[in-house]
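Here's a quick briefing for anyone opening this structure for the first time. Have a look at it, then read on for the annotated sites and a few residues around them.

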Amino acid sequence: MGASLAVAVPGQASAAARVDNPYDGATAYVNPDWSAKAAAEPGGAAIADEPSFVWMDRIAAIGGTPGARGLRAHLDTAVSQGADLFQVVIYNLPGRDCAALASNGELGPTELDRYKSDYIDPIADILDDPAYASLRIVTLIEPDSLPNLVTNAGGTAGSTPECATMKANGNYEKGIGYALHTLGAIPNVYNYVDAAHHGWLGWDSNFVPAAQQFKKAATMEGATVADVHGFIVNTANYSALEEPHFAVTDSVNGTTVRQSRWIDWNQYVDELSFAQALRTELVRQGFASDLGMLIDTARNGWGGSARPTGPGPQTSADAYVDGGRTDRRIHAGNWCNQSGAGIGERPTTAPEPGIDAYVWAKPPGESDGSSEPIDNDEGKGFDRMCDPTYTGNGRNGYNLTGALPDSPVAGHWFSGQFQELLRNAHPPLDGGSGTTG
């Protein structure tokens, strides 16, 4: 059984030392900015004391923005809480998220030097302050970047010119290599690289090439595989942790379930099996044998009254899978503010072999993107995948998006989604402390 992550109690901090699993015995920082918003929602107190990642999604976020404290203020608060674990997302690559406008960033495709000097270097200077030496600092390195080079940079239905540009100029790889090298030099920093999810990289055509792509980036700009403590899957996504009612090896009337529309020949049906298999492949590619994996479980619970209680009918592979799958998205490629989603497993340490922790990388209640164009000064565009009326593209099989209406800009508070996540939580919320220590 995994151990729940402890909530910070002042006075508990101890000197940080390099450990195999930074979550082991950790007292995790609870972000007061997010916690206050969660607690203000009806029923939100049930999860308001859960630890989650702080997002540095633009240069201004380092110093602080209206309604959100900056990185140093967060770290000072972590120390005052008595925390000894701090989690932060590094998310500002040049040409960021070349396949999703909602999460575009402020830096252009060629602004690698500015990424280094104005973003990574100031973050490193803060994290390296002796005042924070007692903290184990977990960094989540650049979601949705390297996987795009594998799947969306040319030759597929979901490819974009922007991703082709980033593959050609190498600035995703160089930026991530620089971040790994610079942050990895700080003794109490643990770098975890984003590795998408099973519904993105789980096909034979993507799985090994993705691991090779990760290795390439981890050995550029002075970085080595020793700068990578682990990888994280399902960041800000909705893929189920485990599908309890079917396995990828099942057959229905002689037809493998891999032929079903939902699985579509993927080798994996959930995040736990994908994370464990990917870990094995990454070690084979040259990463450390004690490599750790994280899984973002903030919004992949898929509970509520619509959650299946058993397998689907064995009349066809499609009926069997669709009737039994807990992930109720229209398509596994849908990623924006998904209707019907619920809070997933609470942050937990070492729940399964090879898994360092279940974490909340994407704090519940923070939007994935706006459902219609909204002017903003954060560099975030309008992505039709966040529009409930959009009938899709090659990355989601030209299906409806399944997105909730009336959503704000990415990262902004989305009360309607937060309420739905609470209602559909699985394991169900108990109205009190959840599973936190």
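An unreviewed UniProt entry lists a "binding site" at Trp55, Asp57, His197, Trp200, Asn237, Trp335, Lys362 and Glu366; such annotations may be inferred rather than shown by experiment, with positions in the numbering used here and feature names shortened. These residues span 312 residues in sequence and the farthest two C-alpha atoms are 22.6 Å apart, so they do not all gather at one spot. Of these residues, Trp335 is in the lining of the largest cavity (a set of points on a 1 Å grid over the protein atoms alone where a 1.4 Å probe fits but cannot get out; lining residues have an atom within 4 Å of a point).

Keep in mind that this is a predicted model, where local features need pLDDT of at least 70 and side-chain atom pairs count only at pLDDT 80 or more, while totals for chains, interfaces and linings use all residues. Residues are numbered from 1 along each chain as its sequence is written, and side-chain values use heavy atoms, with hydrogens and water left out.

- Tryptophan 200 sits in helix α8, residues 198-201 (helices are DSSP runs of H or I, at least four residues, and strands are runs of E, at least two, numbered from the N terminus).
- At 15% relative accessibility, tryptophan 200 counts as buried (under 20% relative accessible area, with a 1.4 Å probe and protein chains only).
- Glutamate 366 is found in the loop between β15 and α12, and is buried too, at 16%.
- Beyond four places in sequence, glutamate 366 is in contact (heavy atoms within 4.5 Å) with residues including Trp34, Arg299 and Gln417.

**The active site**
- The unreviewed UniProt entry gives Asp97, Asp144 and Asp368 as "active site".
- These span 272 residues in sequence, yet no two of their C-alpha atoms are more than 12.8 Å apart, so they gather at one spot.
- Aspartate 144 is in the loop between β8 and α5, and touches Asp97, Asp194 and Trp200, leaving out residues up to four places away in sequence.
- Aspartate 368 lies in the loop between β15 (355-359) and α12 (415-423), buried at 7% relative accessible area.
- The side chain of aspartate 368 makes a polar contact with that of arginine 299 at 2.9 Å (a pair of N or O atoms within 3.5 Å, one able to donate a hydrogen and the other to accept it; residues adjacent in sequence count only if both atoms are side-chain atoms).

Note on methods:
Buried means under 20% relative accessible area, exposed over 50%, partly exposed in between (1.4 Å probe, protein chains only). On a 1 Å grid over the protein atoms alone, a cavity is a set of points where a 1.4 Å probe fits but cannot get out, and a pocket is an open set with protein on both sides within 12 Å along at least five of seven lines; lining residues have an atom within 4 Å of a point.
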